Amino acid sequence: MTSPHDDWQAAFDASPVRDTPFETMSGVPVDAVYGDAPYPGQHPYTRGLFPAGYRSRLWTMRMFAGFGTAEDTNNRFKELLRHGGTGLSTAFDMPTLMGRDSDSPWALGEVGRAGVAIDTLSDMEDLFADIELDKVSTSMTINGPAATMLAMYVAVGEKNGVDRSRMAGTIQNDILKEYQAQKEYIYPPRPSMRIVTDMVKFTTAEMPRWHPISISGYHIREAGSTAAQELAFTLANGFAYVEAALAEGQDINEFGRRLSFFFNSHIDFFEEIGKFRAARRIWARWMKERYGATDERAMMCRFHTQTAGVSLTAQQPEINIARVALQALAGALGGTQSLHTDSYDEALALPSEKAARIALRTQQVVAHETGVANVADPLGGAPYIEWMTDEMERRAEEVFAHLDELGNGSILEGCYAGIENGYFVGEIADSAYRFEREVNADRRIIVGVNAFTEGAEDDDPNLLRIDAETEEYQRKRLESVKHDRDSDVVAVALEQLTADARDSTVNLMPSIIEAVRAYATEEEIAMAMEQVFGTYVEQAIV
Amino acid sequence: MPDTPATDHKIRIVLAKLGLDGHDRGIKVVARILRDAGMEVIYLGLRQTTDSIVAAAEQEDADAIGLSMHNAGHLTLAPAMLAALDQADLEIPVIIGGIVPDDDAEALLSAGIAAVLGPGAPADQVVAAVRNSLAS
């Protein structure tokens, strides 16, 4: 019988290790791990997924970017890669996120504003021009029309001679949290889940390096939830996707290892670290014990982290640099696989180039100067951290029990029910209001907002402005793509897509890829499915 | 509170998200703040058009309209709202809340928006902005 420590040592010895001295700045050598079993890399992974932690590999510094036209964003991508960014992350504009073209009346005033505008494959070609798609990993933050964006990415790869099997990345595609928090849905929940399941099947079969869902608590938190609610709702959604895939006969060990998560790193330092550790533990236990996974990789909660946009203040915005640094540190101490650090000007506008660079530099300081990457789970074993981890787990389990009951033993049905009866939006709105009241009553201090307000200057920093010409330019571009394409081929492709939507036994991905190749627009593709699936309108509750 | 109009009249305000922007945390908090301040709040929800807001304001006999914008579309959408009200011959003050840079806020105010509330605006400022918009 080997001891857990011997097992850990063997796993550690077999792990790659970065070529850098693992010692303090004073030259004191430090061990790779301290404290007790289970060690990092051991089930249930509370202490991290990998035996050597960040000694093997630092987290991926993945900065979310997107604005204006595809060329604008392509330039920002290349700038981030030149400055040491190691992954791309695409922000789409609101019309794109909602499956609308730039010439839709709904798009008025929103084209290229909060992200990049993508209407057809032609835009996607420009977005990734001169970027080697087999060398980078790309994250696309989109949900309602996720299948169309994935299809476009695959088609760009084909054009550039990169086979889909070699493309690495993540597409958010977490539709459940849209009904709960972010509100970027097109169809009702059930047909939307079919699209998600089709994408899981497609990527499992054809894109082994692709993560088809990034189950996201980030937006739940930004919408106002507590840390425990973020944890609970996110993992519950994860269980729901697992149940949906299992119902389709998918192998949990196959798709399970390609699920990934996305959490918020907010300002309450220890609560956040406890939340990250609890997330790994809960996921490992549930995947093994409730859903029967046997491959350890299918039990690992891999996650991306973004610092809390909602914590940034418009008042004295430079203070946000300090907030972001602390939140980034919590993400690193919580063992995130990748990290986006927010820019200090985000409460005022989209990030300027300088602010985005400072944000990247902030996480580089955490990674390379503070020494936190030398030791895996450096806080593990500390009584407060272990208590906080247990407490986060306990609170999350209460929510799972509620959803399980709501769904008569199915978390998936519980999530549907919670969406339909307003449970999620109600819980989130209550938490948001409670927080606001505390700030208003000065029971909670926000520096520069309700305390220490001296020193505020009137003038905005140099904000990124999207000129009004972007919208006009993008509309003209779309018009010319529509003019140049073969409209008969488009019509045939869209009819096929509608026919496939009617037949739930057919995977939608092949016909979406066909439509994309024919330069059908995002909205045309969305409408081809909407004819069958209908739309979703949220009940307005306050 | 100063500037409260007609003593026995409960202020009726229509709140809405205009366009595709789905960030509704702020407007929901504002809805509760105004309700707690004794106003009648009619929240229309997401994905409203200028037409749907005009119709609701007319039907609900609204004293004010509050719109929330977080997607940098304010310079297009806010004037469109004012134009729609104008066309319907409705004189109802419009208040914008959300992420609006200072320069833009000035432009919106001179275009006829009654008030612009930024991130972190405290509850009493929100309530006062609505009351003041009725007085002017």
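How many of the 136 residues of chain B count as buried? The share is 51%, where buried means that 20 or more other C-beta atoms, placed from the backbone, lie within 10 Å of the residue's own.

## Before we start

This is a predicted model, in which local features need pLDDT of at least 70 and side-chain atom pairs count only at pLDDT 80 or more, while totals for chains, interfaces and linings use all residues. Residues are numbered from 1 along each chain as its sequence is written, and chains are lettered from A and ligands numbered from 1 in the order in which they are written.

## Chain B as a whole

Chain B has five helices and five strands, and along the sequence they run β-α-β-α-β-α-β-α-β-α. Here helices are DSSP runs of H or I with at least four residues, and strands are runs of E with at least two.

The radius of gyration, taken over C-alpha atoms, is 13 Å for chain B, close to the 14 Å from the globule rule for 136 residues, so chain B is as compact as a globular protein of that length. That rule is 2.2 Å times the number of residues to the power 0.38. The C-alpha atoms fill a box of roughly 35 × 35 × 25 Å along the principal axes.

## Two helices in chain A

Now over to chain A: helix α14 (residues 383–406) and helix α15 (residues 411–420) pack at about 90°, with axes 7 Å apart. Axes are lines fitted to C-alpha atoms over the stretch in contact, with angles from 0 to 180 degrees between N-to-C directions. That makes α14(A) roughly perpendicular to α15(A), a label for angles of 65 to 115 degrees.

Technical notes. Angles under 35 degrees count as roughly parallel, over 145 as roughly antiparallel, 65 to 115 as roughly perpendicular and the rest as oblique. A residue is buried if 20 or more other C-beta atoms lie within 10 Å of its own, exposed if 12 or fewer, and partly exposed in between; C-beta atoms are placed from the backbone.
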